[in-house]
Amino acid sequence: MATSEMERKGPCTGLTVLDLSTMVSGPMAGQIFSDLGADVIKLEAVGGDVMRAILPHHNGLGAYFSQYNRNKRSIVVDLKSEEGRRLARRLALRSDLLIENFRPGVAGRLGLSFDELKKEHPGLVYLSIKGFGEDGPYRDQPAYDQVIQGLVGFMAIQGAAGNPEPIRNAVADKVSAMSAAMSALAALWARERNGGIGQKVVIKMLDAWASFVSQEEMKNHTFLDSPNPPPPLRQIYRVFNTLDGKVIGLIIQDDQFRGICAAVDRPDLLTDARFGKPSDRLKNVGELHDELAPSIARMSSAAFLEATREHEVPMAPVNTLERFFEDPQAKHNRIFPVVEDPEFGRIRALGFCADFGETPLRLDARAPKLGEHTDEILRTAGIADDEIRRLRGAGIVG
């Protein structure tokens, strides 16, 4: 169903968010707020968010766009016109939170900078997501997920033998979105404790991804005066072949080591000095995996996983996404809820990662069609129907 047809529910019910962002990082941050019950108004320029164009489509609505914009309401405003910019400003001044990921300087040219808006709305929390920040040598450079991945250094870890590999997923964008939502929630809480005073929050994709992904490798670069940094532990990420598939897991604790030896019938490893203590097993993890691999390869995935679960060894199948849809825990957790929409039929979505005991969420609204709620949003802003007709006729809204 459309967002306007449902009652907003969640811990952020009552908050109004103006989402001026496009692509992934800003829209996902906005979707987190919409999932939490806020009224998120997605203000789109004429033509809409570029992500709407990505295939596949169904009845004109893009699947990729849908995964970052559910539960929102959409209004189309011509931001190239002075009247359109005044209208966007009017909506901003009615909001608790504004989200934008324009290039530096664009918000100011639109009359939507924090410095301008706070004069009339000191309680506004203004969330600005930038690739590199608002200053510095890369300030004006365009930033996409691949650019951030290349800079931060993690691609060298993903690859092997001098062949860097990206994570083929918009991970830097999505980590930035989660960092942005977390920081905005903190700023909204600070407003409650600070006499209703808002603030500007700037999220830098470069910093967000670096701080998220670098901890493991930083262990070798933490104590700058240590002469003997430990070796990297990348070998703990080993995929094992079975007779009919692939599995992955981690053996750290003594009971897990005893369990894996029992599961694959290798009791001889229990007395191998290379693997006696957890520190020994980590030091020699590559050799441990080499010892286990032939035994695992002689078992079917089902037999291996049954044996390891019996002995409480943390192992899992290497699934495709389609197989994960059918995973019993995924079904139990409703990670992929399917909702019925009268116009678009069955829509598979993604659930929210937290359950709230007192303020449960409602996640059965699809992403909006372009400009679907324009009139409704304008009426909420106190604009009369005859004025809405005039704005439509003039092409200011669509």
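This is a predicted model: local features need pLDDT of at least 70, side-chain atom pairs count only at pLDDT 80 or more; totals for chains, interfaces and linings use all residues.

Q: Which residues of helix α6 are buried?

A: Here, buried means under 20% relative accessible area. In α6, which spans residues 145–152, Asp145, Ile148 and Gln149 are buried. Looking down the axis of α6, you find these buried residues within an arc of 100 degrees, so they line one face of the helix.

Q: What covers the buried residues of α6?

A: The cover includes α7 (155–158), α8 (171–193) and α9 (205–213).

Q: Let me try another helix. Which residues of α14 are buried?

A: Helix α14 runs over residues 301–310, and its buried residues are Ser301, Phe304, Leu305, Ala307 and Thr308. Their arc around the axis is only 160 degrees, which puts them on the same side of α14.

Q: Which exposed residues does the face of α14 turned away from its buried side carry?

A: There you will find Ala302, Glu306, Arg309 and Glu310, which are exposed. On the buried side, the packing partners are β10 (246–249), α11 (254–263), α13 and β11 (315–317).

Q: Which residue with a positive phi follows α14?

A: That is Glu312, with a phi near 55 degrees.

Q: Why can β7 be called largely enclosed by the rest of the structure?

A: It comes down to a count: 6 of the 6 residues of β7 (residues 125–130) are buried, so the strand is largely enclosed by the rest of the structure.

Q: In which sense does β7 pair with β6 and with β8?

A: With β6 (residues 97–100), the pairing is parallel, over 4 bridges. With β8 (residues 200–204), β7 also pairs in the parallel sense, over 5 bridges. To find these pairings on screen, look for Ile99 opposite Leu127 in β7, and for Lys200 in β8 as the bridge partner of Tyr126.

Q: Could we zoom in on one residue? Where is Leu127 found, and what is its relative accessible area?

A: Leu127 is found in strand β7. Its relative accessible area is 0%, so Leu127 is buried.

Q: Which residues is Leu127 in contact with, leaving aside its neighbours within four places in sequence?

A: Those contacts are Leu97, Leu98, Ile99, Glu100, Ala180, Ala184, Val201 and Ile203.

Q: Last topic: cavities. How many cavities of 30 Å³ or more are there?

A: The count comes to 1 cavity of 30 Å³ or more. About 80 Å³ of space lies in the largest cavity.

Q: Which residues line the largest cavity?

A: The lining consists of Ile236, Leu250, Ile251, Ile252, Pro278, Arg281, Leu282, Val285, Leu288 and His289. By type, these lining residues divide into 8 nonpolar, 1 polar and 1 charged. Helices α12 (278–283) and α13 (285–297) each supply at least two residues of the lining.

Definitions and conventions: Residues are numbered from 1 along each chain as its sequence is written. Side-chain values use heavy atoms; hydrogens and water are left out. On a 1 Å grid over the protein atoms alone, a cavity is a set of points where a 1.4 Å probe fits but cannot get out, and a pocket is an open set with protein on both sides within 12 Å along at least five of seven lines; lining residues have an atom within 4 Å of a point. Grid points are joined across faces, edges and corners, and a volume is the space filled by probe spheres set on the points. Ala, Val, Leu, Ile, Met, Phe, Trp, Tyr, Cys and Pro count as nonpolar, Asp, Glu, Lys and Arg as charged, and the others, Gly among them, as polar. Buried means under 20% relative accessible area, exposed over 50%, partly exposed in between (1.4 Å probe, protein chains only). Two strands pair if DSSP finds at least two bridges between them. The arc is that of the directions from the helix axis to the C-beta atoms. Contact means heavy atoms within 4.5 Å.
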